[in-house]
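Trainee: I have just opened this model. Can we go through what its labels rest on?

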Amino acid sequence: MKVKPHTESGLKTWVGLAALVLAMGLFYFGIPALIAQNPEVYSRYYTTLSGIALLSMASAGVWLTFYIGRINIGQGVFCLFGAYISGILVVNYGMNFWYSAIWAGVICSLLSFLIGLPILRLRGVYFAMVTLISTQVATLVVQNLAITKQGRSFALPPPAALTLPGTDIVVIPAFTLEGAAVGFYFAAITLMILTFLGLYRLVNSRIGQLCKSLQQNEELASSLGVNIVWLRLVAYAISCFVGGVAGAFYGAQQANLNVSLFTVQDSVNFLLYCFMGGLNYVVGPLIGTITLRLGWDQLSPTGEYQLAIYALALIILMFILPNGLMSLVEEGKKWFIRPNHRQKLQSMSAQKPVKTVAKSAAKKRPKTAAKTAPKSNKGRK
Amino acid sequence: MSEILQVKSITKKFGGLTAVNGVSFGVKEKEILSVIGPNGAGKSTLFKLISSFMKPSDGEVLFNGKRISNQAPHIVARKGVVRTFQETTIFKNMTVKQTVIVAHHLRSKANLWGYFVSTPNARNDEKHFGDSADEILEFLGLSSMANEQASNLPHGHLRALGIAMGLATNPKILLLDEPFAGMNHDETMKAVKMVRDLRKRGLTVLLVEHDMHAVMTISDRIVVLNFGTKIAEGTPEQIQKNPAVIEAYLGHEDKEIGL
Ligand SMILES: Nc1ncnc2c1ncn2[C@@H]1O[C@H](COP(=O)(O)OP(=O)(O)OP(=O)(O)O)[C@@H](O)[C@H]1O
Ligand SMILES: [Mg+2]
């Protein structure tokens, strides 16, 4: 345990920065360059990848609710609402798409306060159940409102140009029909990178520690003066903001909204992406989304067996890596660790049993020493 | 002398069971007051009522003359009334130092947004919390375990960690529920000294404890509960001679309680 925290965290920072630069290079230049090799065949990957980027963003929100100790199977609600809020603002009110996406996030997080206040009190399977049902409710809402056209086809124009307020200076040019896929790709990966950077900062700041304290023992946290209700709401609101924005972009990318854009199935998928990626790492949901979505797509030639093979693969993966794909990093670290350090670890784990014995002995010691032998009041009516 | 805490005929019912029944007492500033009683007498419940983790069925608690019952626990903690837990309640996956740093929450000057963007206030807080955590761990003899996972600590040190968390909140009144449970004699005596040192820091300490030797050594006054009712209150000497207390603890045997 005495691994000189300074060097370790310093190394971690450098590895993290290098990974970020590599990832950005890959997403912004590498992939477009690859696609340019054979645009006819590969350009469909722009749409696939921007879908993945946006879904990973929504999963990041789910991951954050996990971080405060809640199993959230309701992110589909906010993705669906986000898509429709943005769509309605653009089509019915003539708002610029880029602003409408922000509004979608804001309205979703306001909504999350209303929903969160009663349901965030619930824990474990109860919270999970309520959020699961909420996705079904969202579907019904969309199906029964005139403003959403009963959840049937709701066509969207490609995003108009974004100019600096009060000027004609174009920040983001208007999307053309042909160029929209590429435009959405760059928008989506930018959002994805911003989301994960924000999440990383959040988790590594004091807020992250507070969330962790909530995840591990809410009662204790509140005895230390942490306003657990507020913190839960804030975390949930951030999660729903991200979900709403992701939904808005996902909908706009499809250019056509309908009620099955996000269903219960999607809410469950977000959860799976987090699990499969790894709940202990910020990038877990990203890795999970990329792996599972690409995996699912690659299986499509298998036709009717696609779902069966996919499900089987998930089960096997869960068995081999119960802590998600990112636990491979832990395994990797163990292999590359300096030998003397490995020895140290081994000698430490060798000591462990002694410790446990001491601990359980202490626990077994009756808490009322024989010297006082009080009469018990327990069991009275 | 002024009473910092007043418990006024407080009652807590769980369905048909009255766990605490019309208990009243006052606590003076910088006093060490122990609450004793047989298992299930309602001591922990009383502490939960004082720290506002439970709402009383009747009666109230005043802190510095102002009512604190029925307020959210984090607000009562903010005012300076903080409890530790009877059970060894910890954040399992945090190191000892991280735990104590988190426990500094009530001293934060920055808000959540400040921590996110790392304002000067937030950076000050972080530095201050780190230093203060080191100081508290030193004070409680936990320095050598600062980077240990909290769940790996031996029992006695877990209790100390509980107290460390309490101290980090900078309380006026600290309520310790069985701080010496599971400790051997030497550890207990060390812990007793520690609680005395808390008083020197200006704290008022309320504790629930079964270790009579420790209770008699440490307390200025003692309140005795039996079946949820207060049956005695007084100095250790008075309590040891009180017939009602002896009856409650030892049935009809004519023995002094204690050692
Ligand atoms: N949340 C609750 N719901 C129902 N009954 C409870 C609850 N908490 C405590 N009780 C009951 O109230 C009575 C008093 O419990 P309490 O925990 O306050 O006793 P105690 O004096 O702290 O005992 P011990 O010495 O064992 O810690 C017990 O009979 C207990 O079963
Ligand atoms: Mg108790």
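Mentor: Strand E9(B) and strand E10 (residues 229–234) of chain B pair in the antiparallel sense over five bridges. The model is predicted, so local features need pLDDT of at least 70, side-chain atom pairs count only at pLDDT 80 or more, and totals for chains, interfaces and linings use all residues. Residues are numbered from 1 along each chain as its sequence is written, chains are lettered from A and ligands numbered from 1 in the order in which they are written, and side-chain values use heavy atoms, leaving out hydrogens and water.

Trainee: Which strand pairs with E9(B) in the parallel sense?

Mentor: Strand E3 (residues 32–36) of chain B, over four bridges. There, B:Val35 is opposite B:Val223.

Trainee: Why is E9(B) called mostly covered?

Mentor: Buried means under 20% relative accessible area (exposed is over 50%, partly exposed in between; 1.4 Å probe, protein chains only). Six of the six residues of E9(B), 221–226, are buried, so the label "mostly covered" follows from that cut-off. Both faces are covered: B:Val223 is among the buried residues on one side, B:Val224 among those on the other.

Trainee: What makes E2 and E5 of chain B edge strands?

Mentor: The open sheet runs E2-E1-E4-E5 in chain B, with antiparallel pairing. Strand E2 (17–28) and strand E5 (66–67) each have a single partner strand, so one side of each lacks a neighbour in the sheet. E5(B) is joined to strand E4 (residues 58–63) by two bridges. B:Leu62 has B:Arg67 as its bridge partner.

Trainee: How do you know that domain 1 and domain 2 of chain A touch?

Mentor: Contact means heavy atoms within 4.5 Å. Nine residues of domain 1 of chain A are in contact with twelve of domain 2 of chain A, so the two domains touch by that rule. Their bounds, 1–40 and 43–300, come from an automatic or database domain assignment.

Trainee: How many salt bridges cross that interface?

Mentor: The rule finds zero. It asks for a side-chain nitrogen of Lys or Arg within 4 Å of a carboxyl oxygen of Asp or Glu.

Methods:
Pairing = 2+ DSSP bridges.
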